[in-house]
2 protein chains.
Amino acid sequence: MTARQNRQWRLTARPVGLFKESDFKWTVEPVPEIGDGQLLVHNLYLSLDPTNRGWANEADTYLPAVKLGDVMRGGTIGVVEESRNPDFAVGDHVSGLLGWQEYAVSNGAGITKLPHNPAIPLTAYMGLFGHIGATAYFGLLDIGRPKEGETLVVSAAAGAVGSIVGQIGKIKGCRVVGIAGSEQKCRWLVDDLGFDAAIDYKKEDVSASLKQHCPNGIDIDFENVGGRIFDAVLAQINLRARIVLCGLISGYNAAEPVPGPYNFAMILIKRARVEGFIVMDYMNRAEEAFRDLGSWLMSGRLKYRVDEVVGLEQAPTAINGLFTGSNIGKLVVKI
Amino acid sequence: MTARQNRQWRLTARPVGLFKESDFKWTVEPVPEIGDGQLLVHNLYLSLDPTNRGWANEADTYLPAVKLGDVMRGGTIGVVEESRNPDFAVGDHVSGLLGWQEYAVSNGAGITKLPHNPAIPLTAYMGLFGHIGATAYFGLLDIGRPKEGETLVVSAAAGAVGSIVGQIGKIKGCRVVGIAGSEQKCRWLVDDLGFDAAIDYKKEDVSASLKQHCPNGIDIDFENVGGRIFDAVLAQINLRARIVLCGLISGYNAAEPVPGPYNFAMILIKRARVEGFIVMDYMNRAEEAFRDLGSWLMSGRLKYRVDEVVGLEQAPTAINGLFTGSNIGKLVVKI
């Protein structure tokens, strides 16, 4: 068995700006033997998420920085191929942070067994029924606390999280306005997902378009982006607005310190609440989210989209699509 | 009676940077006659507060901008000299936003009758038993939600609000670190008010001193200042920190747009909550605050300090002390 090869991407340099392939090293090693209590997982899918960029920096974020020379951290779905751990059986599908590699050995900590449900494609556990769905659900409902008739703005709205947030907003009776980076994305949001309006920030004057599409101001901002788009939103928030701070993708590749929003004082003037949100903190309540998301999916009120790239070797270049705006929906790599 | 003169400061120019006396015009007018339902108030004290600077700008804040040519808006305490309003009797002491002038006519809206209590000096109703005390009380307790053993940092700590916030923090069992702008202020905070430590931001490296005085990180930041001091605090916040956004005085005199905190992403990483706070929203609950503040005052657990400038003519220059850091405690003008 150990003759099998484990192909890996190791992080070997701190990226400056976008990831470059030269920030990684492609290594091929024998698949390791497992010890008592361990399991060997064959990774089938790798999740690419904006937050990965922060993990590659020198400084720790909400997780420790990936060390140079280590296999790049990443969310994975795989199948158990060997097990000396009573909680996992060969053939179980599992998700975890098993990294940019084909095989991983684990003691089971942080590994989630996925349900056997042939009606649900495995990649859904990286999207709607994984960290993405939970992010959208708890971020919007627990932190944003939408009320019927309120106006919700979502940035990076055609991304994995944003596209679900907007649909949940519609289910909860909000007016939903998405901000995205192409005409095609905007059409998808409005025509397929039922957003009330979408703003193409690459072509439109975001402030003017927000004014047009949010005639009653903005009650909730689900913020994935930061920077000038966030500033445009802040300028139009209502009294007691809630800002779900889920991501600041516009700054993730900056080489210099990035200033906070110029309209920061609006938080004071409008007695708004800005709250940082990381889905890890909610995974113990994930079933709550998946029950609702599943029922909305079944009843046709919720759609999701997976953008699948084939081949682990593509990961270092594919991930930049998250920052340049080339993908729609959840970006995954089929290993 | 109408032979009496009403001396006033009218705002005649939008200030650029600090207030200049030339932004105001000193006018002397006959004291107006009152009509049915009205009262004439003789203002005795004028409150000078950092927020006044924002009111003088062209743009509305949480209150409409003061119009050019109007008497400058300001909090006042005065005595009713004439009344044709059944709710007010001659001799009543009242507080309200009656402006930078000796006399004002009011229909009673927004005017609060002050209790007759010879043990309490009138200026206390501009401090501990007014908007200042309520700001400190509700801002810290409702938004900051301190828990025993937590670390509270207060900026502009020797100011009217900050000095009370820190003392309430001590009463609630927090470790309290103040940031202020002189050795004298720092000594007052530690020696007289019982702060655990005070940092002189004009002389010390704020980041290094915070690290020294907040060995367990920062759980609550009562933010009055913004700018580089706020950034130093944000860099050291703990998981689920609360930031009571009460003021951003470092930017009030800026002629150019002021960037938000460079460490804005810390709010996300630490799942912190930033909430804007304006005391107006809490004045209907003011009795709650004054009951506790009064009992702490009586039992010697709370001190306050009034910095009194004599003469209405001083107002345009005295107010700049709030921004240059020359006053300690609550700044008032004895009219």
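**View 1. The contact between chain B and chain A.** In this predicted model, 26 residues from chain B and 26 residues from chain A make up the contact, where two residues count as in contact if their C-beta atoms, placed from the backbone, lie within 7 Å. On the side of chain B that touches chain A, the elements giving two or more residues are α7 (265–269) and β13 (273–276) of chain B; helices (H or I, at least four residues) and strands (E, at least two) are DSSP runs numbered from the N terminus. The residues of that side of chain B comprise 17 nonpolar, four polar and five charged, with Ala, Val, Leu, Ile, Met, Phe, Trp, Tyr, Cys and Pro counted as nonpolar, Asp, Glu, Lys and Arg as charged, and the others, Gly among them, as polar. Because 100% of the interface residues of chain B are also interface residues in chain A, the copies meet through the same surface.

Residues are numbered from 1 along each chain as its sequence is written, chains are lettered from A and ligands are numbered from 1 in the order in which they are written. As the model is predicted, local features need pLDDT of at least 70 and side-chain atom pairs count only at pLDDT 80 or more, while totals for chains, interfaces and linings use all residues.

**View 2. The axis relating the two chains.**

View 3. Twelve strands form an open sheet with mixed pairing, in the order β10(A)-β9(A)-β8(A)-β11(A)-β12(A)-β13(A)-β13(B)-β12(B)-β11(B)-β8(B)-β9(B)-β10(B); two strands pair if DSSP finds at least two bridges between them. β10 (197–200) of chain A and β10 (197–200) of chain B stand at the edges with a single partner strand each, so one side of each is left without a neighbour in the sheet. Strand β13 (residues 273–276) of chain A pairs with β13(B) in the antiparallel sense over three bridges, and E275(A) has R273(B) as its bridge partner in β13(B). Within chain A, strands β11 (residues 218–223) and β12 (residues 237–245) run parallel and are joined by five bridges, with F222(A) opposite V244(A) in β12(A).

**View 4. Helix α2 of chain B.** Twelve of the 14 residues of helix α2 (residues 131–144) of chain B are buried, a residue being buried if 20 or more other C-beta atoms lie within 10 Å of its own, exposed if 12 or fewer, and partly exposed in between. Among the buried residues of α2(B) are H131(B), Y137(B), F138(B) and L140(B). Just after α2(B), R145(B) takes a positive phi of about 45°.

**View 5. The surroundings of M126(A).** M126(A), which lies in the loop between β7 (112–113) and α2 (131–144) of chain A, is buried, with 26 other C-beta atoms within 10 Å. Leaving aside its neighbours within four places in sequence, M126(A) is in contact with residues including Y45(A), I77(A), I132(A) and V332(A). The C-alpha atoms of M126(A) and I77(A) are separated by 7.6 Å, although these residues are 49 residues apart along the chain.
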